[in-house]
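Notebook open, structure loaded. I want to jot down how the parts sit against each other and then check a few single residues.

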Amino acid sequence: MDAAIAKPPRSAVTGAVGIGVAVGVYGISFGVLAVASGLSPAQACVMSMLVFTGASQFAFVGVLAGGGGALAAMGPAVMLAVRNAAYGLSLTSILPARLRDRALAAHLVIDETTAMARAQADPGAARRAFLATGMSVWVFWNAGTLAGALLGGGIGDPKTLGLDAMFPAAFLALLAPQLRRPGAPVAAVTAVIIALALVPIAPAGVPIIAALAGVVPGVLTAKGVRG
Amino acid sequence: MTWTALLALSAVSYALKASGPVLAGGRRLGPQVRQTLDLVAVPLLAALILVQTVGDGHRLVLDARGPALAVAAILVWRRAPFLVVVLAAAGTAALLRAVA
């Protein structure tokens with residue numbers, strides 16, 4: 001479909017397990033934080049199973065931990081989840097065709113699965129990568145949450161282990177092959193500038209959604225290249 | 001209250017994820033639309049990388065995550081395996097924080 005995209009850097013399964021492990025470790029720290037913020041272990045686990053979008057979950061328990069109410073915690077959590085709508089739209093062509101399968105697969109639409117699917121060369125590989133990554137991440141994320149919620153404060157600060165640095169690195173590895181698409185570098189640079197400008201002033205989640213506007217100059221340059 | 005908020009967040013989160021795929025259904029999308037959608041993940045990921053590297057609430061900070069991302073970038077460029085990239089980034093950040 002897209003000859004401009006090189007071979008994926010690894011097989012879908014290795015990639016899926018790799019990112020699953022990283023997510024699982026982070027799931028442990030989510031479980032710890034959730035319980036520390038006042039959620040019960042059952043609430044933490046149900047949240048990871050049903051909400052299943054890490055950034056929103058961290059935002060939710062972060063507000064609770066800061067003394068905010070559950071209603072106040074909803075705002076940033078929802079803002080951070082809005083980008084999944086854009087991901088879902090971009091994945092429409094590779095998701096299963098049957099409505100029931102499609103509705104199930106939609107639950108797996110998150111940063112990691114989108115990035116992994118988008119890094120593949122053809123739609124078949126993209127669908128396999130999406131499903132493999134989605135299932136792996138779901139299992140590891142929930143196992144991690146459970147372990148963290150039960151461990152409670154027994155584990156140290158995740159930052160000491162450098163866990164917070166894993167995600168930008170993972171997303172960079174997944175973004176890199178996509179930068180060969182026409183217009184992609186322009187879209188990425190525009191997005192970085194928008195996000196840089198908005199982080200200091202906009203609520204959490206908004207800079208990432210606003211960066212979506214980077215698609216416009218991206219598409220325009222891609223057109224210019226083709227003449 | 002917390003359970004209600006939690007279930008409401010689950011419903012909203014799912015509705016957002018499913019809106020595109022379920023509404024668009026099996027509809028064939030034109031090449032123009034497809035090309036635009038192909039590009040959608042790029043700016044979102046780029047912004048995510050930025051926010052997760054230098055974001056700290058509303059502040060922009062340069063801490064151990066910056067050098068960790070630089071190490072990751074070199075490894076990505078050298079086509080290192082995915083897990084190596086991620087673990088090297090964590091190791092770099094952990095090491096810098098241990099000596100700092």
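**Domains of chain A**

I started with the domain contact: nine residues of domain 1 of chain A are in contact with 10 residues of domain 2 of chain A. Contact here means that the C-beta atoms of two residues, placed from the backbone, lie within 7 Å. Helix H4 (70-81) and helix H5 (83-91) of chain A each put at least two residues into the domain 1 side that touches domain 2. H4(A) has the largest share of that side, three residues. I took helices (H or I, at least four residues) and strands (E, at least two) as DSSP runs, numbered from the N terminus.

I sorted that domain 1 side by class and got seven nonpolar residues, one polar and one charged. For the classes, Ala, Val, Leu, Ile, Met, Phe, Trp, Tyr, Cys and Pro count as nonpolar, Asp, Glu, Lys and Arg as charged, and the others, Gly among them, as polar.

The bounds I used are 12-179 for domain 1 and 182-227 for domain 2 of chain A; they come from an automatic or database domain assignment. The centres of the two domains, taken over C-alpha atoms, are 23 Å apart.

**What kind of model this is**

I note that this is a predicted model: local features need pLDDT of at least 70, side-chain atom pairs count only at pLDDT 80 or more, and totals for chains, interfaces and linings use all residues. Residues are numbered from 1 along each chain as its sequence is written, and chains are lettered from A and ligands numbered from 1 in the order in which they are written.

The predictor gives the complex an ipTM of 0.87 and a pTM of 0.76. Chain B averages a pLDDT (the predictor's confidence in each residue, from 0 to 100) of 89, and 94% of its residues score at least 70.

**Chain A against chain B**

I next looked up the chain contact, which takes 84 residues from chain A and 64 residues from chain B. On the chain B side, H2(B) brings the largest share, 19 residues. By class I have 44 nonpolar, 13 polar and seven charged residues on that side.

**The core**

Which residues have the most contacts inside the largest nonpolar core? They are A:Ala169, B:Leu45, B:Ala47, B:Ala72 and B:Ala89, in a core of 109 residues. Such a core is a set of buried Ala, Val, Leu, Ile, Met, Phe, Trp, Tyr and Cys residues joined through C-beta atoms within 7 Å. Helix H2 (residues 31-54) of chain B gives the most to this core, 13 residues. Both domains of chain A also give residues to the core, so it lies between them.

I followed B:Ala72 and found that among the residues it touches are A:Ala169, A:Leu172 and B:Ala89, leaving out residues up to four places away in sequence.

**Single residues**

Is A:Phe52 buried or exposed? A:Phe52 is buried, with 24 other C-beta atoms within 10 Å; the cut-offs are 20 or more for buried, 12 or fewer for exposed, and partly exposed in between, with C-beta atoms placed from the backbone. Its phi is near 45°, a positive value in a residue other than glycine. A:Phe52 sits in the loop between helix H2 (41-50) and helix H3 (54-65) of chain A.

B:Arg79 has a positive phi too, near 60°, but this residue is exposed, with 12 other C-beta atoms within 10 Å.
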